[in-house]
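Hi,

Here is the structure I promised to pass on. Have a look at it first, and my notes follow below.

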Amino acid sequence: MSPDPFVVFGPTGAPGFRARAAALEAAGGRVHHFDSREPTTEQGIHRSFAQALQFPGYYGANWDALVDCLSDLCDAATGGVGIVGVIHDADLLLDTEHFPLFVSVLCQGADRANASVDLDGVLLDRPALSEHFHIEFRDFDPESIALRVRRPDLTVTTGADHVAAALNPEVWH
């Protein structure tokens, strides 16, 4: 059984992306939009995510801190339900050196947010949140995207209209 995808890649304006975001908003969750020009640098990722998702002032602006903050978002950022983070026009990101690691970090944060227990298996004092990321491309090529994000710690699947990534349970669980 493959895990639910936490990061889904697809063409700009894909109906499935819009439907998932609309369903979350209808349930009280939040959709956060990111312009791909910011995440073309690691500093831009940290800056744009901290601002959009209201990270605390002590946010460390590194990959581990990003995982931690994504796994523990405040109610104002999630509506107490969850988020869909949409990165628009991500064609600029595909060739950045940090892109595969960025996808892994998004999967790690979402995996923790979507769980009702901590890493030690202890029940959390908050409900599990729905947290997913949609990354949209103007020039969508499923095979090249899948090749670019494939890492041992991720399970990557492809379809005609999408690529999906989640943590590989053999590595993470």
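This is a predicted model: local features need pLDDT of at least 70, side-chain atom pairs count only at pLDDT 80 or more; totals for chains, interfaces and linings use all residues.

Let me start with Cys74, which sits in the loop between α3 and α4 (75-78). Helices (H or I, at least four residues) and strands (E, at least two) are DSSP runs, numbered from the N terminus. Cys74 counts as partly exposed because its relative accessibility is 30%; buried is under 20% relative accessible area, exposed is over 50%, and partly exposed lies in between (1.4 Å probe, protein chains only). Cys74 and Ile87 are 13 residues apart in sequence, and their C-alpha atoms are 20 Å apart in space.

Residues are numbered from 1 along each chain as its sequence is written, and side-chain values use heavy atoms, with hydrogens and water left out.

Now α2 (residues 42-52) and α3 (residues 63-71): they pack at an angle of about 25 degrees, with axes 11 Å apart. Axes here are lines fitted to C-alpha atoms, for helices over the stretch in contact, and angles run from 0 to 180 degrees between N-to-C directions. The two helices are therefore roughly parallel (under 35 degrees; over 145 is roughly antiparallel, 65 to 115 roughly perpendicular, the rest oblique). On the α2 side Glu42, Ile45, His46 and Phe49 take part, meeting Trp63, Leu66 and Leu70 of α3; contact means heavy atoms within 4.5 Å.

Which residues of α2 are buried? They are Gly44, Ile45, His46, Ser48 and Phe49. The buried residues of α2 pack against β2 (30-35), α3, β3 (82-88), α5 and β4 (130-137). After α2 comes Gln54, with a positive phi near 55 degrees.

α3 also packs on α5, at an angle of about 35 degrees and with the axes 7 Å apart. From α3 the contact uses Trp63, Leu66, Val67, Asp68, Leu70 and Ser71, and from α5 the partners include Leu101, Phe102, Val105 and Arg112.

As for α5 (residues 99-113) itself, 13 of its 15 residues are buried, so the helix is largely enclosed by the rest of the structure. Its length checks out too: at 1.5 Å a residue the 15 residues should span 21 Å, and the end C-alpha atoms are 21 Å apart, which agrees. That expected span is 1.5 Å times one less than the number of residues.

Cheers
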